[in-house]
Amino acid sequence: MLRDVFGAIQYKGKGTFLAGGAGVTPFISILRSLEMQNDLVKNALIFANKAEKDIFLRDEFENLLGRNYVNVLSEENIAKYAHGHIDENFMRSTISDYSQYFYVCGPPEMTDNVVEDLKKLGAADDRIIIEDYN
């Protein structure tokens, strides 16, 4: 079954993109557009997957973002990747600025938990942009 392309998320300014699995999809065009505008500085991507084989566009994201690209694996523990989930403890150890924008897309439970944890860490509601994951 074919469906319309989803995604109405809009880039509002420098920030961190938090994606779970296919939730990275709406961020691809934003990051590519920022690269074309030479405006990727101070943007980051944290990309959560179950296993290394699930990571896609790894080389492109590494080229675009360098050290500002982090992979998190929940089911495999591989030295070159973070292990666990994008949760409060992980974000506390990875993110230092909670006044920036946060773009969140992933499975509903992941998105809800990430948004709740971002708020606990001091992110303002108007700085958290959520994309529906259908």
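Predicted model: local features only at pLDDT ≥ 70, side-chain atom pairs only at ≥ 80, totals over all residues.
Me: Noted. Which residues does α2 cover, and which of them are buried?

Reply: α2 spans residues 58–65, and F61, L64 and L65 are buried there.

Me: How wide an arc do those buried residues fall within, seen down the axis of α2?

Reply: They stay within 75°, so they line one face of the helix.

Me: And which exposed residues sit on the face turned away from that?

Reply: D59 and N63 are the exposed residues carried there.

Me: What do the buried residues of α2 pack against?

Reply: Three elements: helix α1 (25–36) plus the strands β2 (44–49) and β3 (69–73).

Me: Switching to F56. Where is that one found?

Reply: F56 is in the loop that runs between β2 and α2.

Me: Why does F56 count as partly exposed?

Reply: Its relative accessibility is 31%. Buried needs under 20% and exposed needs over 50%, so F56 falls in between.

Me: What is F56 in contact with, leaving aside neighbours within four places in sequence?

Reply: G21, A22, V24, I28, F47 and F61. F61 is also one of the buried residues of α2.

Me: How far apart are F56 and V24, in sequence and in space?

Reply: They are 32 residues apart along the chain, and their C-alpha atoms are 9.4 Å apart.

Me: Zooming out, how many helices and strands does the protein chain have?

Reply: Four helices and six strands. Starting at the N terminus, the order is β-α-β-α-β-β-α-β-α-β.

Me: What about the radius of gyration against the globule rule?

Reply: The protein chain comes out at 14 Å, and a compact globule of 134 residues would be near 14 Å, so the two agree. Along the principal axes, the C-alpha atoms fill a box of roughly 35 × 35 × 35 Å.

Me: What share of the residues is buried?

Reply: 44% of the 134. Looking at contacts with a separation of 6 or more, 65% come from residues 24 or more positions apart.

Conventions
Residues numbered from 1 in each chain as written. Heavy atoms only, no water. Helix = DSSP H or I, 4+ residues; strand = E, 2+ residues; numbered from the N terminus. Rg over C-alpha atoms; globule rule 2.2 N^0.38 Å. Buried < 20%, exposed > 50% of the residue type's maximum accessible area, 1.4 Å probe, protein only. Contact = heavy atoms within 4.5 Å. Arc of directions from axis to C-beta.
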